[in-house]
Amino acid sequence: MSEITHESAAKRVSELVDELNRLRRAYYEGNTALISDAEYDALLKELESLENRFPELITGDSPTQTVGGSANQAFAPVEHLDRMMSLDNVFSFDEFRTWAERGGNGPYLCELKIDGLAVNLRYLNGELVSAATRGDGVVGEDVTANVLTIKTIPKKLKGTGHPAQVEIRGEIFFGVVDFAKLNEGLVAEGKAPFANPRNSASGSLRQKDSKVTASRPLQMLVHGIGAWPDAPVKNQSDLYELLAGWGLPTTDKYRVVSDVEDVIKYIDEFEKKRHKLEHEIDGVVVKIDELAKQRELGFTSRAPRWAIAYKYAPEQVNTKLLDIRVSVGRTGRATPYAVVEPVKVAGSVVEFATLHNQDVVKAKGVLIGDTIVLRKAGDVIPEILGPVVELRNGTERAFVMPKKCPDCSSPLAPSSEGDVDLRCQNSKGCPAQLRERVAYLGSRGVLDIEALGYVAACALTQPVEPKKAPLASEADLFDLKLEDLLPIRALVLDADTGLPKLDEDGKPKVVDFFRKKDGTPAEVALKLLKNLEEAKTKPLWRILVALSIRHVGPVAARSLTTYFGSLDRIFRASVEELSEVDGVGQTLAESIKDWIVVDWHQEIIERWRKAGVQLEISGHAGPGAQVSAGGVFSGMSIVATGSLKSFTREEIEEAIISNGGKAASSVSKKTSFVVAGESAGSKLAKAEELGIEVIDEDEFRRRLSA
């Protein structure tokens, strides 16, 4: 670390932020873990280390500043009264002892970490008025109608003396027996079973039809409160007794212990019992029991300092490595993955495991045909630890990374000197890259085209009939017509591998995706055309992100579109002009310039323009101009600094901009005021030196609602 330069640190921070956010979206929004917990934590720790050394590189969308997840727009948004936080993790007793030393002495409350879905219940005078998922910690999804179908959750609290307003936090889950019965029923109906209890809980709670949720035996256990600052109890354990008295479902397996060694005994006890419990767990949560001490310790930007999750070591099994294949992603990256003899581990059957790149394959020392040790790190994603060399019989063979793309036969090569990843060089013509880009632009975080999921992206880019795909590139997207969709017969591809799924006879599965058996349009065809028409007027930053320009994520896109006001101005700007925009550095600016000089990229812009896609912000006066939202901060330049409890950096910037202000990154004489959170640092000092007004987060919220 001592030799790293600011430029190389900035590049690595950008890469880590993009990668970690991609992994978090897959986990929290898609219920899919793309790498192991251990690998994720290693990337997160690397990012934290770089940000600690170069704090000016911290951005609003950094995973160190935010809670994972976002609200699905299929459900109405619900703003939590108190922010719902994540938990930091430890994986060893030494790490736990280090945490305990920072937090002071016990007593500690120990409870099981249920592998489910976090939910927030809001009660007014004892009546349940809303239920919401955690979302991004500030805004969640309204699932009230579905939660009301869960029998163990009271609509009206028992007893008397309920607070005027309180939030009850807990975990929605499937019991082990109920999960097995659910999957048996789904298979009997010819439907795909859920991969694990967490996915089933999340999928069941997010049903648009509450009758479906009612048919599934979901359960809940509460583990905390929000929006009740003067709760009449002294300890977390007292709180649980109070909540149980109100008729809320609380666990009977929590335990208050006096010291660290007793905590470790509790952790050991339930690791041995974990498969005998009525629900799945992936660890133990340890909290400081005294509420006053909890308030004293406070929070980081994403997690309480008074609680920690001890994650159990992942389970391991032996299985056969049948093959190593290569898939190609949105940016052309060629990624090897393992095909293993199907094996059940941590409650689900595993057939594939990630291998990341050819260097990882070599480092693990695995040969095709080996018996391998496979684990599900954090009980989520399969990972190969290494081969059982003693069981080799001489028939094993080494993996050789292909020199050509498996999808289009174009050369595979590094994109730059020192890049360990190989990439397909045929970005326009490679069907795998196009498929992944189309699926990406349809995702929630980009254009949010509900009918353009992975299967639809496959159908549009790789049909069996007609031979010519309706989408030769993204340029064709907004020109699609019903007559283009109806003839398509498409292969059904696996989202993890890109390989065709097989039917009962072992042949590639082919479907009429956009029409019914009688030849009339399927609902998905009509919905897709409607969604595409709606997407033409999405915010400009979403349009920019949809172009899949390397390094251009939502935060940079917001800054660029807010500053320039149109895609034309962005693409005409020089590297120097682009680099001057908040959150846009040299690497990102060069990436934009490299992208727009490609002729087929220019065609995308022109075809989208002709199709009616809005490529500029109406009324924007040009570079640097602020479009007034007519809000309370109209004409003001506002700087936010330090760790805020109720806002991520991106959220407070959005609040400033949407209310007419400019979200500035540095303090100057032009600054109207500074919003300072914990550890504000040099920007706070600069504001005090210049005599600029400094307010706290509560005052900002008051002005926001004025």
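Trainee: Which ring does the charged end of R558 sit over?

Mentor: The ring of W541, with the charged end 4.3 Å from the ring centre. That label applies if NZ of Lys or CZ of Arg is within 6 Å of the ring centre and within 35 degrees of the ring normal. Before we go on: this is a predicted model, where local features need pLDDT of at least 70 and side-chain atom pairs count only at pLDDT 80 or more, while totals for chains, interfaces and linings use all residues. Residues are numbered from 1 along each chain as its sequence is written, and side-chain values use heavy atoms, leaving out hydrogens and water.

Trainee: Got it. What lies over the face of F673?

Mentor: R703 does, at 5.0 Å from the ring centre. R703 also forms a salt bridge with E693, with their closest N and O atoms 2.5 Å apart. A salt bridge here is a side-chain nitrogen of Lys or Arg within 4 Å of a carboxyl oxygen of Asp or Glu.

Trainee: Why does the R703 and E693 pair tie parts together?

Mentor: Because R703 lies in helix 24 (residues 697-704) and E693 in strand 25 (residues 693-695), parts that are 10 residues apart in sequence. Helices (H or I, at least four residues) and strands (E, at least two) are DSSP runs numbered from the N terminus.

Trainee: How many salt bridges does a search of the whole structure find?

Mentor: The search finds 37. One network joins D476, D479, E603 and R607 through shared partners.

Trainee: Back to F673. Which aromatic cluster is F673 in?

Mentor: F673 forms one with F633, F647 and F700. The F633 and F673 ring centres are 5.9 Å apart with planes at 65 degrees, so that pair is edge-to-face. For the rule: rings of Phe, Tyr and Trp (its six-membered ring) pair if their centres lie within 6.5 Å, and planes under 30 degrees apart are stacked, over 60 edge-to-face, the rest tilted.

Trainee: Is F633 buried or exposed?

Mentor: F633 is buried, at 2% relative accessible area, and F673 counts as buried too, at 3%. Buried means under 20%, exposed over 50%, and partly exposed in between (1.4 Å probe, protein chains only).

Trainee: New topic: how many disulfides are there?

Mentor: Zero in the whole structure; a disulfide needs two cysteine sulfur atoms within 2.5 Å. The sulfur of C405 has its closest cysteine sulfur in C408, 3.7 Å away, which is too far for a bond. C408 is in no disulfide either, with the nearest cysteine sulfur, in C424, 3.5 Å away.
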